[in-house]
Amino acid sequence: MAELRRDPVTGNWVVVGYKTVKSDSVGLCPFCPENEHLTPKAIREYKDKDGSWLVRCFSAINPIFVIEADLKKRGEGIYDKMNNVGAHEVIVENRSHTKTMSDYTDRDYLLLLEMYQERILDLKKDKRFNYIQIFKNHGELTGSYIMHPHSHVLSTSALPQRIELEIAHSKIHYIQKERCLFCDIIKEETRQNKRVVSMNSSFISICPFASRFPFETWILPRFHADSFENLHDEGTKRELVGIFSDIMKRIEKLTNAYTIVIHSSPNVVEIGSHDEEHIPIAEHFHWHIEILPRDFRTSKYKREDEFYVVSITPEEAAKSLKEEKV
Ligand SMILES: [Zn+2]
Ligand SMILES: [Zn+2]
Ligand SMILES: [Zn+2]
C-alpha cells in the first residue's frame, strides 16, 4: 500500500508505492456518456432538464489517496511516515470528449467552478483533511492519459509544499507590513502595468514576476479573499468566468498542454501556531488560480510539482539496482 513519507531534508511529503491498475476496457473512454459503468458511482452530478449529466464527480479509479480510518503517523528511526489517507476524486467537466477549455461556454465554466466549490466545501467538513487541492492536466505533455476533459480533487492531511511556502511567505509579509502580500502584488502589478494580461472590476490576470514556466498566468481576485470556495456572489462569479475563459482562449493559442491549479485556503485556521504570532491564514492568504503551460521545449517539469507521487518504493528501487548485472 502507498504511504506518505516526509523528506527529512526538505520537509516535503512524498507519496511512495503508488501503483496504478490498468483498466481492461481498452479503446473505450471511461469518461464518455454511455460508459458511466466503467467508473465508480457518481458522488455528485449536475444534470440538464432531460436528466443527462453535464458535470460528473466520482472517486478516482486509481486513487492516490484513500479514505481510511486512521493516519497511523509513525516513525522509523529518524524518519516520519503515515498512511496515504485522503480522498481522490475525478470531475468529468463536459460530455464532449474533444472540447477543450477554449471551446467551453460560460455555462460550462460556471458549472465546473460550482462543482469545484461544492467538492471543496464538502471535503473540508472532514477535519483530517488539511488541504483540498483542485487541479487539471490538459495535454499529453502533462502526463494525462485520458483525453476527455477532467479535473482532479485531492484531499490530504499533508499540505502541498508550494501552499506551505506561499502561506509562510504571505505570513512573513503580513507580520512586517500588516498587509496581504497578494493584495500588494496586485497593487504593484497594476502600477507597473508590464505583466498584466487583463482585468475586470473584480479580477486581474498577470504573468507573475518570477514565472516558472513560459506563459505562466495567474488569476487573482482584486478584493481580499482567502478561499475560492466561498465566492458565492453571482455577478462576481460571472466576472471570474469572463476572465478565465478569455485567458484560456489565449493560452490555447500558444500551447497545447497545461496544468491548472486552484490555490485556496487550507482547512486549518493557522499554521505554525507554536510561534508567538497567532495570525489566522484568512488574513494573509489570498486565493488564486495558476495556469502553468507545459510547452514541449520545457516539459522537463512533470505535473507532480505539488505532490511527488512515486510508484516504486525506495526499498524496491535499491533492491532492483543491486540486482542489476553490470
Ligand atoms: Zn471521452
Ligand atoms: Zn489579499
Ligand atoms: Zn499559488
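Me: Leaving aside neighbours within four places in sequence, with which residues is Arg119 in contact?
Reply: This is a predicted model, in which local features need pLDDT of at least 70, side-chain atom pairs count only at pLDDT 80 or more, and totals for chains, interfaces and linings use all residues. Residues are numbered from 1 along each chain as its sequence is written. Two residues are in contact if their C-beta atoms, placed from the backbone, lie within 7 Å. By that rule, and with neighbours within four places set aside, the partners of Arg119 are Cys57, Glu89 and Val153.

Me: Is Arg119 buried or exposed?
Reply: A residue is called buried if 20 or more other C-beta atoms lie within 10 Å of its own, exposed if 12 or fewer, and partly exposed in between, with C-beta atoms placed from the backbone. Because Arg119 has 22 other C-beta atoms within 10 Å, Arg119 is buried.

Me: How far apart are the C-alpha atoms of Arg119 and Glu89?
Reply: Arg119 belongs to helix 1, residues 106–123, where helices (H or I, at least four residues) and strands (E, at least two) are DSSP runs, numbered from the N terminus. Arg119 and Glu89 are 30 residues apart along the chain, and their C-alpha atoms are separated by 9.0 Å.

Me: Which residue is the bridge partner of Phe58 in strand 7?
Reply: Two strands pair if DSSP finds at least two bridges between them. Strand 4 (residues 53–59) and strand 7 (residues 86–92) meet this with four bridges, in the antiparallel sense. Within strand 7, the bridge partner of Phe58 is Val90.

Key. Chains are lettered from A and ligands numbered from 1 in the order in which they are written.
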